[in-house]
Every structure is written in structure tokens, then in C-alpha cells.
Amino acid sequence: MSRIIELVDKLEKDSILTKDEYAEIIKGHTPESDEYLFEKARAIREKVYGKAVYMRGLVEFTNYCKNNCYYCGIRRDAKNADRYRLTEEEIISCCEKGYALGFRTFVLQGGEDAYYTDERIVDIVSHIKEKIPDCAITLSIGEKSMESYEKYRKAGADRYLLRHETANNDHYRKIHPSELSPENRKQYLRNLKALGFQTGCGFMVGSPYQTIENLAEEMIFIKELEPQMVGIGPFIPHHDTPYAKENAGTLEMTLLMLGLIRLTLPNVLLPATTALGTINPMGREKGLLAGANVVMPNLSPREVRKKYLLYDNKICTGDEAAECVACLGRRVKSVGYELVIDRGDYKTNV
């Protein structure tokens, strides 16, 4: 226990450990050392962001995807997926309704769907910006060329989420088909940073074949990348994938990794994800108490929410957006934080 406390103190002071030291914390952690870590993580996030919790309005606009990732419920070979695409008008309408509810950031997320050409994405982004000039737009639409990313940036996209899923190349190849490359994935993230996007990476906790050493490598990778956002969540199996019968990741380990990320990247924008709330009714609240400061309610039309099923038993698929925001506001307040109306940009001056 004393050794883990010593390492947590070192991380708080220096914001970096060796891979072996991260692995030592992950392997040897206890409920007592976890709480010590979470106290440190909360203190740092409150120093940078105060008590604010930022809302991101999620618009899941297509569940078509050309990729065949072995864990994903909308993978190309998911024959039972009920596919859909939202029109530009529907996407903009989601954002306008969200703006009226207090959202100032919109996350446009979808599978890698060739229907949405660069021209269509540019039109959607630019038209949202015309109608809601004080909002931030985050894109989460996968691997694109440098030229495509540049077009999105010029159209007005502020942020880009591209979860790398695992930093270990061998592990990446075990959970993805051979046409996807871990080296390319990391380079896309570097390209996004180079273009001036507030850039987000992320990984699954407890995915098949993952080791403690893999989790330690995640910390080394994100420290090297220095993203403005990191989105993590527990692996949750989907019934229509090759990993349907695998065990889910745990709340305990996901919270531990949230705390480590906060101490490693003090200014990071860190969501308490829907997946956390899916594996535990208090998952998002516990995520906030472990160092997270972002929540992402769903603004997609109710009739499509159950179709965007990356994993089983996803929560909040039937809620109206207004109901969801009110509920989240109460949940956030219950653990001492405040849901705010704000773009919630990354802070560099603290």
C-alpha cells in the first residue's frame, strides 16, 4: 500500500511514471489506494476546471461502417444491425434542439460511412456553424486523409475524437481485422493535432487479450501524444460479434484508469461515459469522483438510438433529450459538481 501511495504522489508531482511504475499501481491497487488516487485526481481537476461538468450533445448520425472491428455492434458484418442515416436537416435539427437545452458543443459521431463524402461533411459542419456560431463541433467519424481532415477544420470543426482502442500494436491486431493498422491509427491522431484540432484519443478497459502491461502502455502513449481529450470506457460485449461471450471490463479498473489519466494529463477533458453508466447505475457519478469532467447526453432522434448499438444494454436509448439533461443535472449535483452551459474548451493556462 505504501509503495502505491508513493507512486501516486510521484505521479501527482511529475505527471509521468515509467511503464513499470504504472503497471505496479494497476497490479497492486487496493480500495484504499484507489480512494487516495481519486482524491488527488479530484483536486487537480478542480484546480483546472473548478466544479464545472461540461455537456456534449451526441448526434449518432449513421450506423453504417465499412470496418469490421471484432468487438463492435455496427461492424460491417453485423447482419442484424438495423442500418440508418440521418439527413443534413435532421442533424442540424438535433443541434438546434440541443442548443435550446443549453448545449454548446455537438459531437457528430458515426461509423466510417462512404455516403458521407467530404463535401457532405463540410456542408453539415459549415451550416451548423452558420446557424449556431457560438457552438463547438466535434467530429468522430474515423480515419480520413490529411486533406479530408484539413477540409473539416476549415469548415469550422473544432475537435476530433479518434479512439485508438489500444496502444499496443500486437493487442490492436488481435481485436481488429488485418486491413486496419495500429501504426496508421496513431499517425491519424498526430495529423489531427498538427492541424490544430482539439484532439481526443481513447481506449477500452478490459477488452479481450488485454494485460496490465497493455494498460500501462496506454498511459505512456497518451502522455507522449498529449491529447486534449481522452475517452475511455469498459469493454462491453455485443451479442452479434465474435466477442459476444467475452467478459466485460470492470467499473473498478475503468475508474482507476480515469484517475491515472487525470494525474498524467491534469488539463484533459475526460468524459464519464455512457458505458460506465451501463455497467453500473452509479457509474457516471463514480467517474466524476475519479477525475472526469465531461458527460455526453444523446441528442439523436429517439427512433434511431437503439440502432446505434456498439455494445449491449446501452442506457438512455428511450429518453427525451430534455429528460436526459434534467436527470444528468441531478446526478452531477448529487456528487458535488455542476452541469454548466459552456463550450467547455480545453484549458492551457492553468
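Visitor: Over how many bridges do strand 1 and strand 10 pair?
Guide: This is a predicted model. Strand 1 covers residues 52–55. Strand 1 pairs with strand 10 in the parallel sense, and the number of bridges is 2.

Visitor: Which residue in strand 10 is the bridge partner of methionine 55?
Guide: Start from methionine 55 and cross to strand 10. The bridge partner there is valine 295.

Visitor: Which helix packs on the sheet, touching strand 1, strand 10 and strand 11?
Guide: The helix spans residues 321–334. Its direction makes about 140° with that of strand 11. The name to note is helix 14.

Visitor: What is the strand order of the open sheet, and which are its edge strands?
Guide: The sheet has 3 strands with parallel pairing, in the order 10-1-11. An edge strand here pairs on one side only. Those edge strands are strand 10 (294–295) and strand 11 (338–340).

Visitor: Where does strand 6 find its bridge partners, and which residue of strand 8 is the partner of cysteine 201?
Guide: Strand 5 and strand 6 run parallel, joined by 3 bridges. In strand 6, threonine 199 is the partner of tyrosine 160. Strand 8 (residues 229–230) also runs parallel to strand 6, with 2 bridges. There, the partner of cysteine 201 is valine 230.

Visitor: Are the residues on the two faces of strand 6 buried or exposed?
Guide: Strand 6 covers residues 198–201. Gln198 and Gly200 lie on one side, with Thr199 and Cys201 on the other. Both faces are covered, and these residues are all buried.

Visitor: How many aromatic pairs does the structure hold, and what kind is the pair of phenylalanine 61 and tyrosine 116?
Guide: The structure holds 9 aromatic pairs. In this one, the ring centres are 4.8 Å apart and the planes meet at 85°. Planes over 60 degrees apart count as edge-to-face. Therefore the pair of phenylalanine 61 and tyrosine 116 is edge-to-face.

Visitor: How many residues apart in sequence are the parts tied together by phenylalanine 61 and tyrosine 116?
Guide: Phenylalanine 61 belongs to strand 2 (residues 57–62). Tyrosine 116 sits in the loop between strand 3 (105–110) and helix 5 (118–131). Both residues are buried. The parts they tie together are apart in sequence by 55 residues.

Visitor: What kind of pair do tyrosine 149 and tyrosine 160 make?
Guide: Their ring centres are 4.9 Å apart. Their planes stand at 75°, so the pair is edge-to-face.

Visitor: Where in the chain are these two tyrosines, and how many residues apart?
Guide: Tyrosine 149 is in helix 6 (residues 146–155), and tyrosine 160 is in strand 5 (residues 159–161). Both are buried. The separation is 11 residues.

Visitor: Which residues do ring pairs link into a cluster?
Guide: Tyrosine 149 and tyrosine 160 form one ring pair. Both belong to a cluster linked by such pairs. Its members are Tyr149, Tyr152, Tyr160, Tyr188 and Phe197.

Visitor: Which rings have a charge over them, at what distance from the ring centre?
Guide: The charged end of arginine 85 sits over the ring of tyrosine 64, 3.9 Å from its centre. Lysine 186 lies over the face of phenylalanine 221, and its distance from the ring centre is 5.5 Å.

Visitor: How many residues apart are lysine 314 and glutamate 60, which meet in a salt bridge?
Guide: The salt bridge spans 2.8 Å, N to O. Lysine 314 is in the loop between helix 13 (302–305) and helix 14, while glutamate 60 is in strand 2. Both residues are buried.

Visitor: Are aspartate 82 and lysine 307 buried or partly exposed?
Guide: They form a salt bridge, with the closest N and O atoms 3.6 Å apart. It ties together parts that are 225 residues apart in sequence. Aspartate 82 has 45% and lysine 307 has 27%, so each is partly exposed.

Visitor: What separates arginine 173 from aspartate 170 in helix 7?
Guide: These residues form a salt bridge, the closest N and O atoms being 3.8 Å apart. Arginine 173 counts as partly exposed at 42%, and aspartate 170 as exposed at 53%. Because they are 3 residues apart in helix 7 (residues 169–175), the separation is about one helical turn.

Visitor: How many salt bridges are there, and which residues are linked in a network?
Guide: The count comes to 29 salt bridges. The network links Lys129, Asp158, Arg159, Arg343 and Asp345.

Notes: Residues numbered from 1 in each chain as written. Predicted model: local features only at pLDDT ≥ 70, side-chain atom pairs only at ≥ 80, totals over all residues. Heavy atoms only, no water. Pairing = 2+ DSSP bridges. Helix = DSSP H or I, 4+ residues; strand = E, 2+ residues; numbered from the N terminus. Contact = heavy atoms within 4.5 Å. Axes fitted to C-alpha atoms, helices over the stretch in contact; angles between N-to-C directions. Phe/Tyr/Trp six-rings, centres within 6.5 Å; stacked < 30°, edge-to-face > 60°. Buried < 20%, exposed > 50% of the residue type's maximum accessible area, 1.4 Å probe, protein only. Lys NZ or Arg CZ within 6 Å of the ring centre and 35° of its normal. Salt bridge = Lys/Arg side-chain N within 4 Å of Asp/Glu carboxyl O.
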